[in-house]
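Take a look at the structure below. Find the ligand before you read on.

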Amino acid sequence: MSRPSFRFPDGFHWGAATSAYQIEGSPLADGAGPSIWQRFAHTPGMMANGDTGDVACDHYRRYREDVQLMKALGLHGYRFSINWARVLPEGTGRVNPKGLDFYSRLVDELLEHGIAPNATLFHWDLPAALDDRGGWLNRDIAHWFAEYAEVMFKALDDRVPRWSTLNEPWVVTDGGYLHGALAPGHRSKYEAPLAAHNLMRASGAGIQAYRAHGRHEIGVVFNIEPKYPHSDRAEDVAATRRAHAYMNQQFADPALLGSYPPELKEIFGDAWPDFPADDFKLTKQKVDFVGINYYTRAVVKHDPNQYPLQATPVRQPNRTYTETGWEVFEQGLTDTLTWFKQRYGDIPLYITENGSAFYDPPVVENGVLDDPLRTSYLRKHLGALHKAIAAGVNLKGYYAWSLLDNLEWSLGFSKRFGLYHVDFATQQRTPKATAKLYAQVIASNGSVL
Ligand SMILES: OC[C@@H]1[C@@H](O)[C@H](O)[C@@H](O)c2[nH]c(CCc3ccccc3)c[n+]21
């Protein structure tokens, strides 16, 4: 029997992704203001092993070297984020020319090597000065974000073909405002919905600013984790519905439908505000694409003690789990894409993040570090993408997470997602076997799978 062809559509866009605080280092160099992650990482007890982004992958200084790594893979595009506080040290007002200049140089280096820049305006590192003014809890942040976005569009839109307003607002609110594991470390069922709503108001204002100044494409990036009931018991099915609404609809619905799913009032009760109807004229904007970050699924059961969802994930027997505790479940990627199209329509989609953290024994042969589990994860998930495309999903591209091993937020440097291994003591980059496979995938547009 002939091998199935995994050839992807002509023009399919292959990339890799990173984010500013996770790779750049030099967080306060050249006039940059502190971000909430710079502040959080230097708060004792917040970061595994006391790791911080003070150096990270030293990308702020080594970006030319790293663009060479991208070129070696044959990447079509590179998804990176901009540290808002480098460009606007106080978050609004005064522009720091040296901060803007770094991103201008990075963009020029990418273009020089035929790699399309894909810029995310906000990947969690809010300027500390804005957090001091309420941050995502202050409704004025929609204007602060639009001002920042306009500065970036005027400076770089001539060379950046694709922009995203936000990366994963759900993580910001669930981690940063409800459970407190991420910056700014708040724990409040009253704050989380307000922050969530203002994130989507700001995203809408950023898109409006783009319509006034931009010439290419803008979208927003959501993490989607499909939820499957642990049993067909009504309480488990209801818990699964709540978990799905809370993570997968809470942000896409106001952005794409101009409303919230009813489950959110059910989940938050008296902590769910009665938002002004006019706000949804701002949150709902036409987008040119949506980015979906997919890693895993969750099997959900009712749990009256779990707050605020009254739902908890159930570990699956006889399945492979990554170092971050995520089940390898590629069918969830296909299911996510077909669900998204069914609920929100035929919007062009990108997988803007997909990848896995596994412990790789330091076996380097011919300059390549073997990483069979990560390679298997990539193969399986690209096959799942191919199934979604065959099912009619308008998928335009895929960005592997991540180009480099980097700072996995509060988990520190121990969780390695990179196509390239980074020795953080020497900053030496070493390609993993998955990098070699990915390069072949890109060169053959998937046929090699
Ligand atoms: O955890 C790997 C990556 C992060 O390094 C990226 O910065 C972030 O965009 C990102 N999002 C997700 C999935 C959402 C999620 C994040 C953190 C914890 C649980 C779920 C995984 N990742």
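The text that follows goes from the ligand to one end of the chain.

This is a predicted model: local features need pLDDT of at least 70, side-chain atom pairs count only at pLDDT 80 or more, and totals for chains, interfaces and linings use all residues. Residues are numbered from 1 along each chain as its sequence is written, and side-chain values use heavy atoms, without hydrogens and water.

Start with the ligand. Which residues are closest to the ligand? They are Gln22, Glu168, Glu353, Glu408 and Trp409, out of 15 that surround it. A residue is near a molecule if one of its heavy atoms lies within 4 Å of it. By class, this shell holds seven nonpolar, five polar and three charged residues. Here Ala, Val, Leu, Ile, Met, Phe, Trp, Tyr, Cys and Pro count as nonpolar, Asp, Glu, Lys and Arg as charged, and the others, Gly among them, as polar.

Now look at single atoms. A ligand oxygen lies 2.9 Å from an N or O atom in the side chain of His123. For the side chain of Trp409, the distance from a ligand oxygen to an N or O atom is 2.9 Å. For the side chain of Asn167, it is 3.1 Å.

Move on to Arg7. This residue is found in the segment before strand E1 (13-17); strands are DSSP runs of E, at least two residues, numbered from the N terminus. Arg7 and Ser444 are 437 residues apart in sequence, but 7.6 Å apart in space, C-alpha to C-alpha.

Note on methods. Polar contact = N/O pair within 3.5 Å; in protein donor to acceptor, adjacent residues only side chain to side chain. Helix = DSSP H or I, 4+ residues; strand = E, 2+ residues; numbered from the N terminus.
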